[in-house]
Structures are given as C-alpha cells and as structure tokens.
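Subject: Structure handover

Hello,

Here is the structure I promised to pass on. Please open it and keep it beside this email as you read.

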Amino acid sequence: MKLGRHFTVFGSAIFCVVVFSLYLMLDHLQLDHINNPSNGERFENGQLGILQDKIDHLERLLAENNKIIANIRDSVINLRPSVKDGRGFLEAGNESQVLVVPSAPLIVPIDLEDCQFSSQTYSKAADTVQMLDVYDLLSFDNPDGGVWKQGFDISYEENEWDDEPLQVIVVPHSHNDPGWLKTFDDYYRDQTQHILNNMVVKLHEDKRRKMIWSEISYFSKWWDNIDHQKKDAVKKLIERGQLEIATGGWVMPDEANTHYFALIDQLLEGHQWLERNLGVKPRTGWAVDPFGHSPTQAYLLKQAGLSNMLIQRVHYSVKKHFASQKTLEFFWRQNWDQQSSTDILCHMMPFYSYDVPHTCGPDPKICCQFDFKRLPGGRISCPWRVPPQAITDDNVQQRALMLLDQYRKKSKLYRTKVVLVPLGDDFRYTEAQEWDQQFNNYQKLFDYMNSHPELHVQAQFGTISDYFEILRKNVGMDKVGMSVGLSPFPVLSGDFFTYADRDDHYWSGYFTSRPFYKQLDRTLESHLRAAEILYSLAFASVQKFGKPNNYPAAENYKLLTAARRNLGLFQHHDAITGTGKDWVVVDYGTRLFHSILNLKRVIVSSAHWLVLDDKQTYTYDPANPLLQIVKSKMVAFLRALVVYNPSEQTRTSVISIYVTTPHVHVLTAHGQLVNAQISAVWEDVSHASTEAFQVRLPALGHVKTILMVTDGNNNILNASFSLEFLINFDLWMSEGRNVLLLQTLKLKEDGSKHSIKVEFLCYGTTSKKDKSGAYLFLPDGEAMKCSPSQPAVIRVTKGPVFSEVTTTFTHVTHTLRLYNIHGVNGQAVEISNSIDIRGEFNREIAMRITSDLNSKDRFFTDLNGFQVQPRRSMTKLPLQANFYPMTSMAYLEDSGRRLTLLTAQSLGATSLRSGQLEVIMDRRLNQDDNRGLGQGVLDNKITANSFRLLLELFNSAEGVTPRENTAPFSYPSLLSHISYMYLNHPFMPIVTSLDSTVLALAPYSPLSSPFPCDIHLVNLRTIQSQVEGGPSEQAALILHRKGFDCSISTKNTGLLCRTTGGKVMLHRWPYMCKFISLIPVSLSLMHQSPRGPVEQEINLKPMEICTYRVHLA
C-alpha cells in the first residue's frame, strides 16, 4: 500500500509539473504579444507569419518540457529502490528548474543472479594445473642441471620414433623492440627497414623459406615508405603462407604494468591496420620477451579470435617443473571460468632465452653452433668458444645428427612428436648475408634429415601457426577449437609472476621503475578514452546536422589516431616498464605529452559542438576557441564552466579550478549558489601563492554549465555544509621528527575505529656483485625507516568541501584528504604522495600501510585492471619474489573487513606480514643490473602518486555465503570498482574563453540513465574509413561486465546505480543518439559473431568483454 501511495503521489507531481509548464508557455506567449505591440494593419497582414512563429516557439518549449519529463522519469528509475525501502524521494525546496541528481539509495539494488557468479564454489578438476598450487609445491632451489643448467639430463631411446616420425618446425623470427637502446625511429632507420626489405627479396628466392613478424608499429611505418610493387610482393608472400603476422598488435606489450584498456587499444590498432592494408587476421599470439605473463593477455587474444599463443619468460623453476611433468603445452583458462569458454592453447618455451643457443635443445653450447650468423669472421661469436661450421657435403651427416639429437631431447619435454624450434633473436636478419647463412645451411641439414628415412624425422621451415596446425592435427584437434574427444593437454589457470631468470634475480623492480612515465601513461589513457567517446558522439551529431564545412572531423581523427599509436607504442615491454635508455624514455615521454595536448583539442572541439544550443551558430576558429581545457590559472571573470563526466555513471565529485583571486562565487546555470571552497596554492612547502588560488566544488554527473563570478567585496564562500564526513581519520606525531601520519580510521556508519597506520620506508641494494637495476629488485634486507634530515612541515586545511593534512619531510610530501560529499568520493581517504629522491644513492622509497586486519599470509593484487589474483607471501622465497604488479588495486581481508588500496598508476606491491600492504613509490639505482640496458636508473623526476584507501565491511547477517579463503579467484566490491573508475577518469573542467562571443550552452547527456553498476563502457571508438582513411560512420562499442563480491556491504556507498543481470536495454540507453545497427563482433572487429545484430538488449556474462560494431545516428 505504501509503495502504491508513493507512486500515486509522484505521478500527481509529474502531472502538476506538466500543467504548470504549459501554463508558463501560454503566459510566455501572451507576454510576448504585450511587450511587442504592433499596429493592426501590420498584424492583419502578417498574422499568418506571427502565428507560425508562435507555433515554432511552442514546439521548442514543448521539446524542453519533454527533456524535463525525461529527466524526472530517469529520477524515478533511480529512486525506485529507495521507494521499495520505504524512504521518501522528494526533498523540500523549489528545484523545479534545476536538474536534480537523486540521493543514493541506502542499499544498492543487486539482482540475486548477479551474486551467484562471485559466490560459486571452487572445485579443481583432475586435469587442471593451478599456479597457486604449483608455487606451494616447488622448493625454488636451483641445483646444477648439467648442460641444461636450470633443468635436468634428458635421455631417449633410438627407436622411439619408429612408429611416428618426429616433425620439426623451425620458425625464423626477428624480435624488433620499438625502442630500448635506441629510439623507435633510430631502430627503424638503422635496422628494421633493412630486415623487412631483405625479407621480401629472400623469401621470394625459395618458397620453402618462411618468416613471422609481430610488431605492426614497425610494419606500418615500413609499409608507408615502400612502393606498390613491393606491397604486392608482400601480399603474395602472405597468400603463400611464407610470411605470417603473429599476434598483430601495435607492439609486443608488457603484461605487468599495462591496463587492459591500453592492451585492447594497441591490439585494435594493429588488427584494424592489418584489415585495411593486408586483409590479414592473425591466428596465433607470439610473446617471447615480456617479463612474465598475465592471463589477461590470454583472455584478450581469445576474445579477438586467436586460437593459439606462445610465451617464454617464466620462472626457471616453473619451467623445470612443467618440463618434468610434460605440461609445457596447455589450455590456459581464466580463474573464474568453470567451463572452457576462455581456453586458448598455449606453448611455453622451456629454456633460458629465445635466442638460437637456447631454442634448438637443452645444450646451448651445441645449439650455438647452429646459429650461422656466428660463423668465424662475423661480428658475434659463441661464448662457449666452439664456433658454427658452414654445412658442406663432407660434414652434413655429422652436423645433422648432432642437431637432431637436440631436437629429440627437446621433444621429450612435450607430449607429442611435434617440436617447435624458433630461429632468431633481437633485430636479426638485418643483412642479406645473414639470410643466406641461416636459410642455406639449414636447408642442407633439412634435406639430409628428410632424405634418410631411418632417422624418422621430417624437418622444415614454418610459421608459428604452421606449428600449431600440425600439432592440432597430430592430436586429433581441429584447427581452431577444442579437441575431438579427450584433450592430451592439461588445463592451467593463474599467472606467471614474478619472473626470475636465474638464482634470486627476480624481475620485480620494473613494476615501479620510472613511475613518472607510468603515471603519464595512465593520464593519456584517460584522455584518449574521453576524447574517443566525445568525438564519436560529436561526429554522429555533426552528420545529423549536415556536416558543417569547418567542423574539424578529419583533423581531429588524425590527432586521435596519433594518440592511439603513441599510447600503443608505450605499452611495449621496454617502454611502460621503465627499462629503456634515458634518451629513449624521453622520446616516449615526449610522444605521450604531445598526445595529451592534442587530445585536449579533440575534447574541446567535440564538447563545443555538443553543448552548443543552436548548432547553426557553430564556427571553428582554432586561434580563438569557444572552450578551453582549464590550465594552471584561470582569470576569475564572468565565465561559463563546462564539466565533462567521462564515466557511464551519474556521479557527484569534486573539481578543482585555479583562479587569480580568492573572491569567487560559483553559480549554477540557473543562478543558484554552489557550495565551494577556496584554498591556497602553495609555491613551496611553506609559502602560499598570492597570485593563484584553488577553488574546489562538487559537480553533478552531467555535462552542464556553471558560472564563475568575481566578487570584489571579500565575501569568500565558506562553510555552508552541515553534513558530517562519512569517514574520519586520526593522526599521530612520530617520535623525534614531527611527522604527521595516519593512525586510525573511524567509520561514521557504525562508529567503529580501525587501526590503519601509514609510514614511509627505504630499501637499499645488496652488497653482492649483482645489484638492483631497472629490471631487478635485489634489496639489502627488509626496509628500514627513512631518517628525515629535518623536521617535517605540516599544513592543515579544513573546509565545507574537503579537509586535508599535508606533511612534508625528506623525499616525501604526503597528503591525506577527505571529501565532504555524499558520493563515492566521500567513502575513501585520498592519498597523494609527491616523491623526490633525486640525489640519493641506491635508494628505493616504499609506503607501508599497517592495519589490524588478520590477513595472515594472503593478499590480492589485480592483473591489468581486469581481474584480481590471490597471492601468498612465502617465506621460502626471497623478499623481492613476494612483490607483484599492482595496476589498479591491492587489498587485504579477514573474516569481517577488507582494506583496499586503489592506485592511479602501476607500481610494485606486496604484503610481507599479516595486515600489511607495501607499495614501492620510486627507485633510484646507480648501476646496471646486467640485463642488457647498460645503465642504472638516475633520471628520476618529482613524481606524484595518487591512491584511494577504502575500508569495507563484509555482510554477516544478509544470507550471503562468504567465498572460501582458498579459492584461486577474488573480486572487488562494486564500490571499489566505481571508486577506481572515478580515480582514473576524473571530471574534466572546460571553460569558455575570455574573448569569445557568449553563446547559449545547453547540458548534453547521451544516456537517459546510468549504466548498471557492474557494466563499464571501455570505449566508443570511431573506426577508420576503408576508402578515405578518415573517420567512418561506424564505431567500436566495447563493454565490460565486471565481476564483483556480493559479500561486501553495499550500505551507504553513494552509488546511484543498480545491477541488471548483465542486461543493457537499448531502448532506454541512447537518449540523444541512436544506434542504426549494433552487430556483435570479436574484440578487435576481425570476426563476425554468429549471433546476428542486437535488437532490444545487450547481454553480458560476468567478466566478459564484448565488442559491437555500431552505426551511430
């Protein structure tokens, strides 16, 4: 009865609003006539024209009224859960002309089916390999294995291949780093272009020769510089199967620091280039050099339509174990997948490296003798001092048998009689001579082996897909799918971090190296996503209004394309990792910075079109743009402020504007006062600027206009909020040096206090010969407290919008901030650290958070912002082995609470003791760590790191069954998912220029209601035209349904959304844009889905990422 009564009242309210609006319209028409009298003759002669004008005016008013009704309808949708809870939804006050963002429901409405996924019981199948179990099993010792130092002796019987001959597939490859010791352009000029030019000539000389290539960044640059004749020759090589494009991404990406948005984007850029220029659809992934491997990459390749993949850099103990169990080939399955929908066939290379000495078999001394670039007289030789021999009629038998012995031994590590032998290294095949040396000598060996049936071997050159095709045929599988019947390969779940290549040399240093550029990468990702979405919406709208001649659609698309490619380039495994030469890192940084600036132009020009009320008044003037992204200081004058919300959620967050006066009022577009807070801008630790001031104000989750008005009467807006903060923190003064840091958190919801302490620690490097460097983390023991050289300087700011404490001491400026808003940002403590270790010697700075949670040895880190991997701190491993990549979050939990640290940049993290989280902030190393870079890390910059600290309580009495603590999967809460998105995709304030003509601006929102809480709009990316090279009328809509933990309380989270069982209703979603067509495709648009076009709704499974080819109108 109460529910019906509420809806009756609200329906009556809507009716009243409609009647009142119509009354205002009629009154407005009458006033127009009174205020604009005309003589009777003119009225009679022009009455039809006047009547037509009034009708047009009435239609415009009705359209505005429809918008108001639509907004009220959406509010009803959002508030319906509140009504079910028996709470009211209309507040007192006259807000009839202001778009009202409804208060968040007390409890987020969650579909019961949505909880079944996260609460599923884990049961390990008999044929499943779980990497957490493997780590428990291994002792991680490193005994001498003989010729295979990290393995064991391999033996075989001569007659093992009598019934089924050994098939050997030798795969020539050249690994081309898009930047490392040289910049991308320098590598291309000096080496890569010559490799590709020689490839065309040398492969055409003999149809038995084959080659694979993976980095499209290089291939596309070369393609743009060759003639049509050479392009036709390349296409013939591809058609004949002599040249294969493996993976086909823009780069071979790092898999630790990269976010899945950027991984998808670089894969899309590569695959779309291939489709446009070559018509190629890659089938197999090739990743020989990333420093550890993530299941996220396996999932993305599977979703893109690839069937197979190869990996190389895995911990030597894991490789040895897998080799002994013959599990080096497996179906890689995602942790959450209880079926087989995510399975992809994976081959793990067994030995130390991907170079020739470590690929033909277990003995590098012998394999090196078959790297014919190392023939005597060349520039490189074998370190084992036994050189290769050119193959002649006199030695072919002896050399062929020696090589066949290695092939046979290698095959004993696998379950089939098909063996893969890569043949290449970094920047190989640069000169025509090397092509002849390798291919001619190997062909002689193959000819001898194949012509002697008593050897029971068939050897040939092949591509990586040739290998997998022969392998699948050998075991009775089809070319792309699962086996017919029982699979001979095990199923594996988990990841391959942290990588060690020998001894205690763990590659956990690069998780943090060059954090300034890791943060810049995340900034570019945010700007690119924001620009892509706005551009796609604006471009569709421009076409609807007839394409103004001066709208910069093609120019902006070029800027978008360049930004995509610069972001893609930085995902390379020697770029975002921070493991390049100093000048190479500067080159990457310059590209990122210029792309950010260019994307701001795209955002501004797109927003200009979308918020312009009268499209006929649009003009494009790059010298005098209507809108500008807010820069360092904004002159406080009568100016409109446009706030762009790049998320798919209605939200209330705080934006910050720098102004030249503290005398500022902030008004809504309807003239209502906005609660704002004026704060100082600090020129240094203890001196505030007199020329710049900071205005922070809560903004609604819509693109809308706000006015900033100078007030010359010194009436600075001050505390007008009477709300209590949702979280309180206590601070403590450390002994000796007056360092004010966090000690306890108090939750307002239940008044409970929780011990959570923050401190900063320092690591040195070991005194042994091998020391920490860009790749390796080799500490001198546990972290020690950093000794401040001078007393700390403490600043306290308190106000109606936010309060903060900033503590500055040696190396660190640390800020704790609380927002006084009833939204998601009010639920967490914001932590900002500015790190400066320039001038230090072999020093690494860590932030440690110590809580009273009983987490024991278990903690959780994310993989690529896509999924969470449970971890276990192991005492049998050295300290540095317990560090893992943290791309978006890390958390601890016990039976009652979860403590989550959300991060705005990739860093290395661990939990070395129960209740502790530790994050490495920056590293300064004075020496090389002997992994090829040839330098230390001494180009440190002052780096700002941003975090959110979130304390959540588990449900205890709501009937939600907590997942057992030993499950190999875990999921963030809905609140942490949304908080992370807000942290990485903040509001973008845009202002009107001072000297621009004041035009009518109108709020723009393409969504009639927010997305479900668990569905994220990854991107809306305009697709390049096949003909002109500019933008097409189609876009790639990429959605991700996130898995979330239902056992965490959703009370008072500030969320304004609900879950819908993975459904997105199309008729409710587009408000100011429509889909002409929406066709499901593979992740990178290479393959059409058999499901056909989407008509009514999109359905996503938990954790699923789906792409749709859409035509926007």
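Below is what was found in it, topic by topic.

**How to read the model**

This is a predicted model: local features need pLDDT of at least 70, side-chain atom pairs count only at pLDDT 80 or more, and totals for chains, interfaces and linings use all residues. Residues are numbered from 1 along each chain as its sequence is written, and side-chain values use heavy atoms, with hydrogens and water left out.

**Confidence**

pLDDT is the predictor's confidence in each residue, from 0 to 100. The chain has a mean pLDDT of 85. In the chain, 83% of residues reach 70 or more. Residues 14–51 stay under 50. For that stretch the model has 18 contacts beyond four places in sequence; a contact means heavy atoms within 4.5 Å. The pLDDT is also below 50 over residues 733–738. That stretch has 12 contacts in the model beyond near neighbours in sequence. Where pLDDT is low, the predicted coordinates should not be read in detail.

**The whole chain**

The chain has 18 helices and 42 strands. Helices (H or I, at least four residues) and strands (E, at least two) are DSSP runs, numbered from the N terminus. Of the 1113 residues, 61% are buried. Buried means under 20% relative accessible area, exposed over 50%, and partly exposed in between (1.4 Å probe, protein chains only). The accessible surface comes to about 43,500 Å². Carbon and sulfur atoms hold 52% of that surface. Areas come from the Shrake-Rupley method with a 1.4 Å probe, and for residues only the protein chains shown count as cover. Now take the contacts with a separation of 6 or more: 76% of them join residues 24 or more positions apart.

**The cores**

A nonpolar core is a set of buried Ala, Val, Leu, Ile, Met, Phe, Trp, Tyr and Cys residues joined through side-chain atoms within 4.5 Å. The largest one has 242 residues. Which of them touch the most other members? They are Phe219, Phe322, Tyr407 and Phe496. Helix H15 supplies the largest share of this core, 14 residues. Look at Phe322 as an example. Beyond four places in sequence, Phe322 has contacts that include Val129, Met131, Leu492 and Phe496. A second, separate core has 24 residues, including Ile212, Ala287, Val288 and Val475.

**A nine-strand sheet**

Nine strands form an open, antiparallel sheet in the order S23-S24-S25-S26-S35-S32-S31-S28-S29. Two strands pair if DSSP finds at least two bridges between them. S23 (793–798) and S29 (867–872) stand at the edges. Each has a single partner strand, so one side of each is left without a neighbour in the sheet. Ignoring direction, neighbouring strands are turned by 20 degrees against each other on average. Inside the sheet, S31 (889–893) and S32 (897–903) pair over five bridges. Glu893 has Arg898, in S32, as its bridge partner.

**Two helices**

H14 runs over residues 464–474. Eight of its 11 residues are buried, so H14 is largely enclosed by the rest of the structure. Among the buried ones are Asp466, Tyr467, Phe468 and Arg472. Gly476 follows H14 and has a positive phi, near 80 degrees.

H18 covers residues 974–984 and holds Ser979. Leaving out residues up to four places away, Ser979 touches Val824, Leu902 and Leu950. Ile978 and Asn825 are 153 residues apart along the chain, yet 9.6 Å separates their C-alpha atoms.

A cis peptide bond joins Phe497 and Thr498, with omega about 0 degrees. Thr498 sits in the loop between S11 (491–493) and H15 (515–544). Arg514 is in the loop between S11 and H15. Arg514 is not a glycine, but has a positive phi of about 55 degrees. Arg514 is buried, at 5% relative accessible area. His811 also has a positive phi, near 80 degrees. His811 lies in the loop between S24 (802–809) and S25 (812–819). His811 is buried, at 16%.

Best wishes

Definitions and conventions: Axes are lines fitted to C-alpha atoms, for helices over the stretch in contact, and angles run from 0 to 180 degrees between N-to-C directions.
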